[in-house]
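Have the 3D view open while you read.

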Amino acid sequence: MAPELRDAENNSSPRPLSDKESVAVVGGSAAGLFTASLLARQGILVRVFERIETLQPDERTLIVTDRMRALLGRAAQKSVVNEIRHFELFTDGRAATVTLKHPDLIIERRTLIQALAEEAQRAGASIELGRRFHALHPNGRGLVLEIDRCDDGTREEVRADTIVGGDGASSRVAHAAGWAPLETVPLVQAIVPLPKDMRPDTARVWFVPQDTPYFYWLIPESPTRGALGLIGETGPETRHHLEKFLEKRKLDPIGFQAARIPVYKRWVPVHRPVGKGSVYLVGDAAGQVKVTTVGGIVTGFRGALGVAQAILNRGSRELRTLRRELDLHLLLRRSLHDFQQADYSRLVDLLNAPAKRSLADYSRDEAWKILWRVCLSQPRLVLLGLRGLLSRSRSLRRTSL
Ligand SMILES: Cc1cc2nc3c(=O)[nH]c(=O)nc-3n(C[C@H](O)[C@H](O)[C@H](O)COP(=O)(O)OP(=O)(O)OC[C@H]3O[C@@H](n4cnc5c(N)ncnc54)[C@H](O)[C@@H]3O)c2cc1C
């Protein structure tokens, strides 16, 4: 089913684009390519500029909720390499298992990007590889992009009415249009042989607050291999913790995957007028990442859908619901961020059967529903979260003194 694009609501956006006008998308990865597809399907002239020279982006093993299927349809299926039905949570000798009603999907990023590129081209978008965005400026009715060719270093000028920046966490489009830079955190994962005692349909999560305020994960991508990683606060320290963790579990890494991920601190307004043109941001460039798990694939697709709605109409309901969702993840992250070992132990102990069912029935992309159901089934978890929030605000006050 095609996502709903005719969903105008917010009148603060610019006038809708006509099919005579053109859109330049900078960044041919998940969020940029999905935006390009959605716009091209509506007859808009779309050119995508991507700095890498072949459609062979870095491989990455990712875990997403099945919401991705509803958003992408056919393009999603090709990249799914495994499904996860259970999560095992560990902390300080304690364990809890949550069985998911709707399995999570393990996807391979390179295949996903290639499938999205095919879809965008089939819809009529052109994808220009080896083209690095340099700068933008207003020009008469629209905008001009300065694009560098990566093969011979020459610079060309390209006219567009609207620019969409899908160029990741250190977005040059955002910088050129005057958005403030986003704070980022390092994410490192190692591809490892799957431990013998592990089932391929089960992911593991370890809460080790002395190493990271987030968590370690091990997600099987096949019956024999998995990705073990963590999010940290500084790059070298995060890599060091990962190596120690691998050593302790006697796991030999086959390879490493790493990059910096934006931290969602507040909603980033996705549109800016520049001269008579418009600039939008999608995906990591707009910080559209769930800050509880630092997952940005599904939320980036939702941001892309929202931006396409805003460009075609005069606003987007999807962007408003995405904002509410990301704000709720921020609240949850604040309550967890200063958790100590004893708090995690209590958290795992408090996971009674009804609370586990609430976690199982709804996905991480429906945080409101999870929170509401958990409030009803285990109010003490909410008190634990509130304590976390209070201790976070105390520690923030201390550091600002
Ligand atoms: C190791 C790792 C594991 C992850 N695991 C998960 C996970 O399990 N689940 C999940 O949901 N998320 C995960 N993430 C996060 C997720 O990968 C990102 O949120 C998502 O890929 C962001 O997509 P994007 O399209 O917004 O940006 P990106 O994928 O960063 O794409 C930006 C694109 O813009 C291009 N570009 C940049 N600058 C320019 C320029 N000047 N001109 C032209 N092109 C340019 C880049 O080459 C790139 O193709 C993980 C990230 C990493 C690094």
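Let's start with one valine. Val 294 is buried, since its relative accessible area is 6% and anything under 20% counts as buried. You'll find Val 294 in the loop between β17 (277-281) and α7 (297-312). Its backbone is worth a look too: phi of Val 294 is near 60°, a positive value in a residue other than glycine.

Keep in mind that this is a predicted model, so every value here is computed from predicted coordinates.

Asp 92 does something along those lines, with a positive phi of about 45° although it is not a glycine. This aspartate lies in the loop between β4 (80-91) and β5 (94-108).

Is Asp 58 buried or exposed? It counts as exposed, because its relative accessibility is 58% and the cut-off for exposed is over 50%. Asp 58 is found in the loop between β2 and β3. Leaving out residues up to four places away in sequence, Asp 58 touches Arg 109 and Arg 110.

Asp 161 is another story. It sits in the loop between β9 (155-160) and β10 (162-165), and it counts as buried because its relative accessibility is 6%. What does the side chain of Asp 161 make a polar contact with? The partner is the side chain of Arg 159, at 3.2 Å.

**Around the ligand**

Now for the ligand. There are 28 residues around it, and those that come nearest are Ser 29, Glu 50, Ile 63, Phe 133 and Asp 284. By type, the shell divides into 11 nonpolar, 9 polar and 8 charged residues.

Here are some polar atom pairs between protein and ligand:

| Residue | Protein atom | Ligand atom | Distance |
|---|---|---|---|
| Ala 30 | backbone N or O | oxygen | 3.2 Å |
| Arg 51 | polar side-chain atom | oxygen | 3.1 Å |
| Phe 133 | backbone N or O | nitrogen | 2.9 Å |

How much of the ligand's accessible area does the protein cover? The protein covers 92% of the 1,000 Å² that the ligand has on its own. The elements that give two or more residues to the shell are α1 (30-41), β2 (45-50), β3 (61-64), β7 (131-139), β11 (184-193) and β15 (255-262).

**The whole chain**

Zooming out, the protein has 12 helices and 17 strands. Of its 401 residues, 54% are buried; Val 294 and Asp 161 are among the buried residues. The protein exposes about 18,300 Å², and carbon and sulfur atoms supply 52% of that area.

Technical notes
Residues numbered from 1 in each chain as written. Predicted model: local features only at pLDDT ≥ 70, side-chain atom pairs only at ≥ 80, totals over all residues. Heavy atoms only, no water. Helix = DSSP H or I, 4+ residues; strand = E, 2+ residues; numbered from the N terminus. Buried < 20%, exposed > 50% of the residue type's maximum accessible area, 1.4 Å probe, protein only. Areas by Shrake-Rupley, 256 points an atom, 1.4 Å probe, with all protein chains shown as cover. Near = heavy atom within 4 Å. Polar contact = N/O pair within 3.5 Å; in protein donor to acceptor, adjacent residues only side chain to side chain. Nonpolar A, V, L, I, M, F, W, Y, C, P; charged D, E, K, R; others polar. Contact = heavy atoms within 4.5 Å.
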